[in-house]
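Please open the model in your viewer and keep the selection tool at hand.

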Amino acid sequence: MQLYLVRHGATVGNESGVYQGWSDTALSPAGRRQCEAIRRKLERIEFDVVISSPLGRAISSAQLITGLSRDQILICEAFKEFNFGAWEGLSYREVQRQYPREWQAWCSDWQVAVLPGGENFTAFYQRIHDGWERLAEVYHSQSILLVGHAGPFRVLASILLKMPPESCWRLSFDFGCYSWFECQEGIPVLRKLNC
């Protein structure tokens, strides 16, 4: 299996420094340019399947990168970004001010704390794990392009590399870059990161 991970292009929400999660903001002009650059980087690779998060910023990115229509892209709910609930649309300083108790709970035990109207990390991690297991079973010998978000990619990379869940914070997936895992005999190898 060849697995290429591409984080969606930058959005208006990213550029304003707010939690986006399940909220959808459009790609910014810079984000569209990032997708066009990725398209050029990956144009010689033939993908058996193109998969995207259901969020518009990921689908738009997948379309710009591949030239495919929405109907030609497999939408996978499991790779949706973390649900920040009531925190979405707020900066971290606004969250600290408006939700001080919840913020402290998150800082004290981020794997267990449930965000108001959102989810907790443990459920998020399990969602990514289960989604990957299903995809790997179906596409185990194919070339996959997965367009999505930094949060799910951090978790997925930690799963593939057999790292503990808390190690996901040590990984970064940048806008306008791709990362490549090659799975040989069931062993994933990270070939490229943020290229």
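Predicted model: local features only at pLDDT ≥ 70, side-chain atom pairs only at ≥ 80, totals over all residues.

Begin with E185, which is found in the loop between β5 and β6 (187-192). Phi of E185 is near 55°, a positive value in a residue other than glycine. Most residues other than glycine have a negative phi. With a relative accessible area of 83%, E185 is exposed.

Next, select K162, in the loop between α7 and β5 (178-184). Here too phi is positive in a residue other than glycine, with a value near 55°. K162 counts as exposed, at 76% relative accessibility.

**The second largest pocket**

Keep K162 selected, as this residue belongs to the lining of the second largest pocket. The space within amounts to about 200 Å³. Which helix supplies the largest share of this lining? It is α6, with 3 residues; α6 and α7 each supply at least two. By class, the lining comprises 6 nonpolar, 1 polar and 2 charged residues.

**The largest pocket**

Now move to the largest pocket, whose volume is about 510 Å³. Its lining numbers 23 residues; select Y19, E81, F84, G151 and R154, which lie nearest its centre. The elements giving two or more residues to this lining are α6 (121-138) and α7 (150-160). Colour α7 separately: this helix gives the most to the lining of the largest pocket, with 4 residues. The classes represented in the lining are 12 nonpolar, 7 polar and 4 charged residues.

**Salt bridges**

The final selections concern charged pairs. Side chains of opposite charge can pair when their charged atoms come close. How many salt bridges does a search of the whole structure find? The search finds 3, and each can be displayed in turn.

Select R57 and D24, whose side chains meet in a salt bridge at 3.3 Å, N to O. The two residues are 33 apart and link distant parts of the chain: R57 is in helix α3 (residues 56-66), whereas D24 is in the loop between α1 (12-16) and α2 (29-42). Is R57 buried or exposed? R57 counts as buried, because its relative accessibility of 2% is under the 20% cut-off.

Proceed to R127 and E119, which form a salt bridge with their closest N and O atoms 2.7 Å apart. R127 is buried, at a relative accessible area of 18%. E119 is buried as well, with a value of 13%.

Finally, select R191 and E182. Their side chains meet in a salt bridge at 2.8 Å, N to O. Showing the solvent-accessible surface at this pair lets the two partners be examined separately: R191 is partly exposed, with a relative accessible area of 41%, while E182 is buried, with a relative accessible area of 14%.

Methods: Residues numbered from 1 in each chain as written. Heavy atoms only, no water. 1 Å grid on protein atoms, 1.4 Å probe; cavity = no way out; pocket = protein on both sides within 12 Å on 5 of 7 lines; lining within 4 Å. Points joined across faces, edges and corners; volume = space filled by probe spheres on them. Nonpolar A, V, L, I, M, F, W, Y, C, P; charged D, E, K, R; others polar. Salt bridge = Lys/Arg side-chain N within 4 Å of Asp/Glu carboxyl O. Buried < 20%, exposed > 50% of the residue type's maximum accessible area, 1.4 Å probe, protein only.
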